Protein chains: 2
Amino acid sequence: MDFASCFPIWDKLTPDEQAQLLQRAELRSVKAGTVLHNGNMDCLGLLVICSGQLRVYTLSDEGREITLYRLFDRDICLFSASCVMTNIQFEVIVEAEKDSQMWVLPSGLFKQMMEQSAVVANYANQLISSRFSEVMWLMEQIMWKSFDKRLAGFLLDESHLEGTKLLKITHEKIANHMGTAREVVTRMLRYFQSEHIVRLTRGAVEILDEQALEALRS
Amino acid sequence: MDFASCFPIWDKLTPDEQAQLLQRAELRSVKAGTVLHNGNMDCLGLLVICSGQLRVYTLSDEGREITLYRLFDRDICLFSASCVMTNIQFEVIVEAEKDSQMWVLPSGLFKQMMEQSAVVANYANQLISSRFSEVMWLMEQIMWKSFDKRLAGFLLDESHLEGTKLLKITHEKIANHMGTAREVVTRMLRYFQSEHIVRLTRGAVEILDEQALEALRS
């Protein structure tokens, strides 16, 4: 995918801005598992995702994880350029969950364009508002929804994302996505199994009764 | 306080923008308890707080509350103009917690200035990033901190805010700030009382051992 067709505000930019972007944006391919951004330690730039899947998560002091959101084709990753955004006072980790290809727009250039162009600044605004909305949604889930409902939702989302009812995922990994302990996940999955909603095998969770999960989630 | 001295980016605005703001910003006084913004139902505008205290919170479907953050003198309330911000997909309530005075900058004007001026758009960007950071902090507290630590922190913050160790606040109200049930608050406060950290009286919590709370919180 060429940069112009991936970058949503391309048509609103000046010819000069377009020329700078074409000159300085770099196409990059990364393997699944690559950490693209780790807290304040780096500031790669704005990522415009062509293909693949990124996961954005936070870590507690004790090393527990929670997935904030995921990014897919044509999504933009702003937090890999968080040094550019004044007042962002939290750290996230951005990791490629699948082999991914993306355009990297260097932080310096993005900062300069944001300062000079209301179009670019308003676009950054929209991006951060979207991510803020996703985190608010997550917080509301955590605050008000019981864990069985959240787990049902997670299994359904994973199943749709991977296009299969046989999820090859460990309890540990589910716990990391959901910000809880492995034991909590195992206990709830066993309960789901006793209700014939899932079948548990080594390193996998098979969904047997999608409707039951849908009913639980809602 | 005159508008110019309250509005942080005043000096960076053009004379024309300044003139528009002076003409259209309105000074408004509200009593404690006034709801200034309620989800998508209204879009008053950007609030520049001169004095008083605002509380921004969300509501669950069951009517449970959690305080997201508070705003004080010279803070700016962006969510009362959330209709202007594309991609904000959550609803908050903004309420005056004390008698407050503020400048109201109408949403329409703010939108227009944001679209035309990189300075204003970047400022909106900073505001939303600050609020996002506060919500991330809160979410991390909820995820990773036990309730005794959170309650200790809440009591200390309230005490500093009100300038007294005798907090006139009900268990119900504390529960609303913290997004939990009244019984949970009562149970923990009773535990604090049994440890001689607080004394509970009708409608009040008196802090006896600030150091013990500090030690708990950290």
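Which order do the strands of the open sheet of three strands in chain A have? The order is β9-β11-β10, with antiparallel pairing. The model is predicted: local features need pLDDT of at least 70, side-chain atom pairs count only at pLDDT 80 or more, and totals for chains, interfaces and linings use all residues. Residues are numbered from 1 along each chain as its sequence is written, and chains are lettered from A and ligands numbered from 1 in the order in which they are written.

**Strands of chain A**

Helices (H or I, at least four residues) and strands (E, at least two) are DSSP runs numbered from the N terminus, and two strands pair if DSSP finds at least two bridges between them. Helix α7 (residues 182–194) of chain A packs on this sheet and touches β10 and β11 of chain A; the direction of the helix makes about 125° with that of β10(A). Axes are lines fitted to C-alpha atoms, for helices over the stretch in contact, and angles run from 0 to 180 degrees between N-to-C directions.

Elsewhere in chain A, five of the seven residues of strand β3 (residues 45–51) are buried, a residue being buried if 20 or more other C-beta atoms, placed from the backbone, lie within 10 Å of its own.

| Strand pair | Bridges | Partner residues |
|---|---|---|
| β3(A) and β8(A) | six | A:Leu47 and A:Val104 |
| β3(A) and β6(A) | two | A:Val48 and A:Ile76 |
| β10(A) and β11(A) | four | A:Leu200 and A:Val205 |

**Helices of chain B**

The axes of α6 (residues 171–178) and α7 (residues 182–194) of chain B come within 8 Å and cross at roughly 110°. The two helices are therefore roughly perpendicular, a term for angles of 65 to 115 degrees. Residues of α6(B), including B:His171 and B:Ile174, meet residues of α7(B), among them B:Val185 and B:Leu189. By class, this contact has five nonpolar, two polar and two charged residues. Ala, Val, Leu, Ile, Met, Phe, Trp, Tyr, Cys and Pro count as nonpolar, Asp, Glu, Lys and Arg as charged, and the others, Gly among them, as polar.

**Contact between the chains**

In chain A, 34 residues are in contact with 34 residues of chain B; contact requires C-beta atoms, placed from the backbone, within 7 Å. On the side of chain A that touches chain B, α3 (107–116) and α4 (118–144) each supply at least two residues, and the largest share, 19 residues, comes from α4(A). The residues of this side divide into 17 nonpolar, 14 polar and three charged.

Definitions and conventions: A residue is buried if 20 or more other C-beta atoms lie within 10 Å of its own, exposed if 12 or fewer, and partly exposed in between; C-beta atoms are placed from the backbone. Angles under 35 degrees count as roughly parallel, over 145 as roughly antiparallel, 65 to 115 as roughly perpendicular and the rest as oblique. Two residues are in contact if their C-beta atoms, placed from the backbone, lie within 7 Å.
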